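User: I am new to reading protein models. Can you walk me through one, feature by feature?

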Amino acid sequence: MTIYLAGKITGNPDYETDFEAAERALTEAGESVMNPAILPFGWGWDSYMEITLTMMRECDVICMLPNWMSSRGARRELMSALALGKRVMKYSDFIAEGKVRFLRIEEAAAMLAVAYMRAEEERK
């Protein structure tokens, strides 16, 4: 199983640490992990999204890191993952339970709706 990590990169000074920790924990659990935080600096947001969405499409699962709701890119990645029928997991569940647990489609869709509502409130 290949897992794509989705979380806040832009505006997160600790993103490298956050993503590396998740990659390490999931890899130690025997999973193959695709980490978008390894991409080089210097491109525009649209270019990063094109690359990360391609990375995500090649994975079986999208794993939402704890800070994902405040990331425009992670919200877009989750929306695309749901449209493609990808399985969804939360990293916080993995840490709490010590195993991968997939969300029901309804849970993932509700979580995405909440994230978009919060983002809309923040813009006001």
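Predicted model: local features only at pLDDT ≥ 70, side-chain atom pairs only at ≥ 80, totals over all residues.

User: Let's start with strands. How enclosed is strand β1?

Analyst: First, the terms. Helices (H or I, at least four residues) and strands (E, at least two) are DSSP runs, numbered from the N terminus. Buried means under 20% relative accessible area, exposed means over 50%, and partly exposed lies in between (1.4 Å probe, protein chains only). Strand β1 covers residues 2–6, and four of its five residues are buried, so the rest of the structure largely encloses it.

User: Which strands pair with β1?

Analyst: Two strands pair if DSSP finds at least two bridges between them. In a regular strand the side chains alternate between the two faces of the sheet. Strand β2 (residues 32–34) runs parallel to β1, joined by three bridges. Here I3 sits opposite V33 of β2. Strand β3 (residues 61–64) also pairs with β1 in the parallel sense, over four bridges. L5 has C63 of β3 as its bridge partner.

User: What does β3 pair with at residues 87–90?

Analyst: That is strand β4, parallel to β3 over four bridges. I62 has V88 of β4 as its bridge partner.

User: What handedness does the β-α-β unit of β3, α3 and β4 have?

Analyst: A crossover is right-handed if, with the strands pointing away from the viewer, the path from the first strand over the helix to the second runs clockwise. The unit of β3, α3 and β4 is right-handed.

User: Now the cysteines. How many disulfides does the structure hold?

Analyst: A disulfide is a covalent bond between the sulfur atoms of two cysteines. The test used is a pair of cysteine sulfur atoms within 2.5 Å. The structure holds zero disulfides. C59 is in none, and its nearest cysteine sulfur, that of C63, is 11 Å away. C59 has 2% relative accessibility, so it counts as buried. C63 has 0% and also counts as buried.

User: How do the axes of helices α2 and α3 cross?

Analyst: Two packed helices are described by the angle between their axes and the distance between the axes. Axes are lines fitted to C-alpha atoms, for helices over the stretch in contact, and angles run from 0 to 180 degrees between N-to-C directions. Helix α2 (residues 45–57) and helix α3 (residues 72–83) have axes that come within 10 Å and cross at roughly 35 degrees.

User: Which residues of α2 and α3 make the contact?

Analyst: Contact means heavy atoms within 4.5 Å. From α2, the residues are W45, M49, T52, L53 and M56. From α3, they are R72, G73, R76, E77, S80 and A81.

How values were computed. Residues numbered from 1 in each chain as written. Heavy atoms only, no water.
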